[in-house]
Amino acid sequence: MASMTTPRAMFGSVVHNNQILVAGGVNEEGLIASCEAYDFAANKWEPYTEFPQERSSVNLLSNGGSLYAVGGFAMVQNEDNEVAPTEVTDVWQYEEDKKQWSGMLREMRYAAGSSCVSMSLNAARMPKL
């Protein structure tokens, strides 16, 4: 498998539309916003629409043909006007037709430290709660 164009750690990844997508992460220069898509047939990484904010540990989710980015860590200015790594709990959706990320939810309260898992539930087979 070919190496990513941008070396990174602590990035988000998901299989979406028959490609591996990676977003954000950290490299020697700090947090990054770049995204890449791996084409299995060509064994090649291609640039993908950049995420709107430099971010690490972002959760990527592909569900029903849509791509989402949830949470992670970003550099945010605090009350003391200092910039520090801060956990963010927001939700973004990638709009395929516009080739852009759009914010859906600014903050999910009480979601600190959470992860996302895509699944389908069969309500008919679930026991009554």
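Strands here are DSSP runs marked E of at least two residues, numbered from the N terminus. By that rule Asp90 lies in strand E9. The model is a predicted one.

Strand E5 covers residues 35–39 and pairs with E6 in the antiparallel sense over five bridges. Tyr38 stands opposite Trp45 in E6.

Gly12 is found in strand E1. Is Gly12 buried or exposed? With 2% relative accessibility, Gly12 counts as buried. Setting aside residues up to four places away in sequence, Gly12 touches Leu21, Val22, Ala23, Val58 and Leu60. Gly12 and Gly24 are twelve residues apart along the chain, and their C-alpha atoms are separated by 6.6 Å.

**The hairpin of E9 and E10**

E9 pairs with strand E10, residues 100–105, in the antiparallel sense over five bridges. The bridge partner of Trp92 in E10 is Gly103. The two strands E9 and E10 form a hairpin with four residues between them. In the turn, Lys99 has a positive phi of about 55°.

**Salt bridges**

Side chains of opposite charge can pair when their charged atoms come close. A search of the whole structure finds four salt bridges.

| Residue with N | Residue with O | Distance, N to O |
|---|---|---|
| Lys44 | Glu46 | 3.4 Å |
| Arg55 | Asp90 | 2.7 Å |
| Lys98 | Glu95 | 3.5 Å |

Which parts of the chain does the pair of Arg55 and Asp90 tie together? Arg55 lies in the loop between E6 and strand E7 (59–63), while Asp90 is in strand E9 (residues 83–95), so the pair ties together parts that are 35 residues apart in sequence. Arg55 is buried, with a relative accessible area of 1%. Asp90 has 9% relative accessibility and also counts as buried, because the cut-off for buried is under 20% relative accessible area.

The residues of another pair, Lys44 and Glu46, lie above that cut-off. Lys44 is partly exposed, at a relative accessible area of 43%. Glu46 is partly exposed as well, with a value of 36%.

**The nonpolar core**

The largest nonpolar core has 14 residues. Those with the most contacts inside this core are Tyr48, Leu67, Ala69 and Trp101. Two or more residues each come from strand E2 (19–23), E5, strand E8 (66–77) and E9.

What does Tyr48 contact, leaving aside its neighbours within four places in sequence? Tyr48 is in contact with His16, Leu21, Cys35, Glu36, Ala37, Leu67, Tyr94 and Glu96. Leu67, one of these contacts of Tyr48, is also among the residues with the most contacts inside the core. Leu21 is in contact with Tyr48 and is also touched by Gly12.

Conventions. Residues are numbered from 1 along each chain as its sequence is written. This is a predicted model: local features need pLDDT of at least 70, side-chain atom pairs count only at pLDDT 80 or more; totals for chains, interfaces and linings use all residues. Side-chain values use heavy atoms; hydrogens and water are left out. Two strands pair if DSSP finds at least two bridges between them. A salt bridge is a side-chain nitrogen of Lys or Arg within 4 Å of a carboxyl oxygen of Asp or Glu. Buried means under 20% relative accessible area, exposed over 50%, partly exposed in between (1.4 Å probe, protein chains only). A nonpolar core is a set of buried Ala, Val, Leu, Ile, Met, Phe, Trp, Tyr and Cys residues joined through side-chain atoms within 4.5 Å. Contact means heavy atoms within 4.5 Å.
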